[in-house]
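Please consider the sequence and structure shown here.

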Amino acid sequence: MSVFSVIQSDSLPTARKLKDAKPRITDWWQQAWTNDNTQSTRFFAEANIALPGLTMNNTSTDDLFEALEMVRGFGLAVPPRSINPPSLTSNHIAGKAIDMTITWTGTINVKKKDGNEEALTFSTNANTNIALHKVGESFGVKKLKTDAPHWSFNGR
Ligand SMILES: [Zn+2]
């Protein structure tokens, strides 16, 4: 299990459950990772990249936990699902972007805006599913190809 599997899950815990679990989570981080110097360096390097609002030299598990709460609260996608840090100028702010996970099984035919059908084969990586992007684009919804759930009016 990865250190950050809890935040990469699509089924994030409720705010209350996360807050209640804080002592157990930070205690686990300390015992498993931060008591050993080599492990600690790697742990914080990965965490400071994966979570929003942390500096590269952060070594505070409290700050890490606050970042985790922010990910949960805003439903942020974090690496590997997104390589884009949260932004104050995002299309989300203007209501011109949406994050969504689209799933189906096998191959389905979906009509584009012009009425022509596109055969869509499910892929776990929405960023590389060009046929899916074509259907979205026909309706003016463009995929940001570096952020698994992100779609917007201009692809950013
Ligand atoms: Zn987004």
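The points below are grouped by topic.

This is a predicted model, in which local features need pLDDT of at least 70, side-chain atom pairs count only at pLDDT 80 or more, and totals for chains, interfaces and linings use all residues. Residues are numbered from 1 along each chain as its sequence is written.

**Domains**
- The domain assignment (bounds come from an automatic or database domain assignment) gives domain 1 (5-74) and domain 2 (97-152).
- The centres of domain 1 and domain 2, taken over C-alpha atoms, are separated by 32 Å.

**Open sheet**
- An open sheet is formed by 3 strands in the order S1-S5-S4, with antiparallel pairing; strands (E, at least two residues) and helices (H or I, at least four) are DSSP runs, numbered from the N terminus.
- Strand S1 (97-99) and strand S4 (142-143) are the edge strands, and each pairs on one side only; strands pair if DSSP finds at least two bridges between them.
- S4 and strand S5 (residues 150-152) run antiparallel and are joined by 2 bridges.
- Tryptophan 151 in S5 is the residue opposite lysine 143.

**Hairpin**
- Strand S2 (residues 107-111) pairs with S3 in the antiparallel sense over 5 bridges.
- Between S2 and S3 of this hairpin there are 5 residues, and glycine 115 in the turn has a positive phi of about 95°.
- Glutamate 118 in S3 stands opposite valine 110.
- Strand S3 (residues 117-121) lies largely in the open because 0 of its 5 residues are buried (20 or more other C-beta atoms within 10 Å of a residue's own, with C-beta atoms placed from the backbone).

**Glutamate 46**
- Glutamate 46 is located in helix H4 (residues 37-50).
- Glutamate 46 counts as partly exposed because it has 15 C-beta neighbours inside 10 Å; this class lies between buried and exposed, the latter being 12 or fewer.
- Between glutamate 46 and proline 79 there are 9.9 Å in space, C-alpha to C-alpha, and the two are 33 residues apart in sequence.
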